[in-house]
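I want to go from the overall picture down to a few side chains.

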Amino acid sequence: MAVALTLLREVQWRGAPVAGDAARALLAALAAEGARAVSDERLIEIIWRGDAVPANATKSLQVLVSRTRAACGADAIVRDPAGYRLGVPPAEVDCSHLSALVRAAAVVLDNDAERAAALAGEALALTDGMVPVNGDGDPLSAVRRAATDDIAAARLIAAQAASRL
């Protein structure tokens, strides 16, 4: 399955760069929740932290979603009764795919070291060219910070698998 949303390197939707900090924050916030919808209130809190919340935050969120859809495609963000969610499955988001590969490698490590090594290698390949975490508290930095934990786990699994081959 091809990756639709890239967050670990330059933020891209289906290979095209996503412009704007707010649009990137929106996509990262939705990606962090997987397939679950995120309420308007929670997205406003995440995207416009503290004093930066616009006077008409709900309308600002609607405009941001509309602009992000215009840039990424109408199917990029879906409106559910509970809020907004990404229009692609987690497997098509690089950070979610990374986590899934690491979990799968950990599951098979004891019984199939060769498969575990392959899965860990695939996970690590997703992180080639990863942008270092340089923010604090914004959704994109949070996604990248979580990915560093997955990278460490993938490296450990790869080493353990190699020792069993």
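I began with contact order: 61% of the contacts between residues at least 6 apart in sequence in the protein chain join residues at least 24 apart. Noted for later: this is a predicted model.

Next I looked up the secondary structure. The protein chain has six helices and five strands. Read from the N terminus, the order is β-β-β-α-α-α-β-β-α-α-α.

Then I checked dimensions and surface. The C-alpha trace spans about 60 × 30 × 25 Å along its principal axes. Of the 165 residues, 41% are buried. I get about 8500 Å² of accessible surface for the protein chain, with 52% of it on carbon and sulfur atoms.

I have 17 positive and 20 negative side chains, and the centres of the two sets sit 4 Å apart.

What does a search of the whole structure for aromatic pairs find? It finds zero. I did get a charge over a ring, though: Arg-79 lies over the face of Tyr-84, 4.4 Å from the ring centre.

Last stop was Arg-85, which is in strand β5, residues 83-86. Is Arg-85 buried, partly exposed or exposed? Its relative accessibility is 25%, so I log Arg-85 as partly exposed, given that buried means under 20% and exposed over 50%. Leaving out residues up to four places away in sequence, I find Arg-85 touching Leu-30, Ala-35, Arg-36, Ala-37, Ala-76, Ile-77, Val-78 and Asp-80. I also took one distance: from Arg-85 to Gly-129, 44 residues along in sequence, the C-alpha atoms are 27 Å apart.

Methods. Residues numbered from 1 in each chain as written. Predicted model: local features only at pLDDT ≥ 70, side-chain atom pairs only at ≥ 80, totals over all residues. Heavy atoms only, no water. Phe/Tyr/Trp six-rings, centres within 6.5 Å; stacked < 30°, edge-to-face > 60°. Lys NZ or Arg CZ within 6 Å of the ring centre and 35° of its normal. Helix = DSSP H or I, 4+ residues; strand = E, 2+ residues; numbered from the N terminus. Buried < 20%, exposed > 50% of the residue type's maximum accessible area, 1.4 Å probe, protein only. Contact = heavy atoms within 4.5 Å. Areas by Shrake-Rupley, 256 points an atom, 1.4 Å probe, with all protein chains shown as cover. Lys, Arg positive; Asp, Glu negative; His and termini not counted. Charge placed at Lys NZ, Arg CZ, Asp CG, Glu CD.
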